[in-house]
Amino acid sequence: MKHLLSTENLSAADAIRILDTAEEMALVGEREVKKLPALRGRTVVNLFFEDSTRTRISFEAAAKRLSADVINFAAKGSSVSKGESLKDTAQTLEAMSADAVVIRHWASGAPARLAASDWIDAAVVNAGDGTHEHPTQALLDAFTLRRHWSQIAGRASLGEDLRGLRIAIVGDVLHSRVARSNLWLLTTLGAEVTLVAPPTLLPVGIADWPCRVSFDLDEVLATGPHAIMMLRVQGERMNAAFFPSAREYARTWGFDDDRLAALEVSAGKDTIIMHPGPMNRGLEISSAAADSPRSTVLAQVRNGVSVRMAVLYLLLSGDDSTQPTPAQEATV
Ligand code: NCD
């Protein structure tokens, strides 16, 4: 694997290798000295053309824990046209000897364009491109799901993949790269996915996707899914009215206090609530739900660092299986 551009083309074996490596990285995070020398002398550039809080910080923390040098490049606001600015920027980074470029871009396909170009030799990691993909978010969600469900007392261990899990992804699927990356990855790992959304927020061509579609959130919740993944309503990508009002959306598609209470007395007693952040509290998720013991929002953020460490480690330290595993390496 030279780049990580999408989960659509990620094999189950590669995904599991990333998740297993992330488990080792998580152990490093529990040590007093949370640092490995693995990427000493390597340079990771965070190239962000779009806003981000947790993804950028998470990649930065991950690279630093592996002892890489990190350069943060906030390219947002550039007035140069897309192709030119990306090429110019890439060539600048190449001149600075970047070993990996972590790119977030408003244009779907920008990371793939960069990876396919001869502008740069670095490994390219997609940190979210337009409405297309956000592979490390899906990997950290899969990691969170696998950890949670294999650690539940009294349950047979889940094994290395997600076979047997039923996941509902709810809300603004149309504009969500998180939904797309999760759909591909979760189904590759054997989970069953149901998308729940208003018809106006589902993409054209959804009939060909490997999932079920429902227009009734309460009906899906009553089946007791293992996890319910709430999506942010992406106002900044909406150029029209996709639903009548915020209040109507929250009532029909939001995870509100009534739905939280209903889970307690239904098949959904063990259902966890996920959200990639940032959350619109009161719109797609109520504060009580976001802060409830069922919520994995903060665990997702924590796991994001381990998963991104694993991705950078696997991309930059090569496929040499004779190398020590991260846990075997000495700390610095
Ligand atoms: C997501 C993103 O930017 O795609 N956030 C994130 O990376 N944690 C989801 C979103 O913005 O809704």
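**Close-ups of a predicted model**

View 1. Glu24 is partly exposed, at 22% relative accessible area (buried is under 20%, exposed over 50%, partly exposed in between, with a 1.4 Å probe and protein chains only). Ala310 sits 286 residues away along the chain, yet the C-alpha atoms of Glu24 and Ala310 are 8.4 Å apart.

This is a predicted model, where local features need pLDDT of at least 70 and side-chain atom pairs 80 or more, while totals for chains, interfaces and linings use all residues. Residues count from 1 along each chain as its sequence is written, and side-chain values use heavy atoms, leaving out hydrogens and water.

**View 2. The two faces of helix H8.** H8 spans residues 246-253, and Tyr249, Ala250 and Trp253 in it are buried. Looking down the axis of H8, these buried residues fall within an arc of 105°, so they line one face (the arc is taken from the directions from helix axis to C-beta atoms). Turned away from that side are the exposed Arg247 and Arg251. Among the elements covering the buried residues are strand E5 (166-170), helix H7 (217-222) and helix H9 (257-264) (contact means heavy atoms within 4.5 Å).

**View 3. The open five-stranded sheet.** The order is E7-E6-E5-E8-E9, with parallel pairing (two strands pair if DSSP finds at least two bridges between them). E7 (212-214) and E9 (272-274) are the edge strands, each pairing on one side only. E5 and E6 share five bridges, and Ile169 stands opposite Leu195 in E6.

Technical notes. Helices (H or I, at least four residues) and strands (E, at least two) are DSSP runs, numbered from the N terminus.
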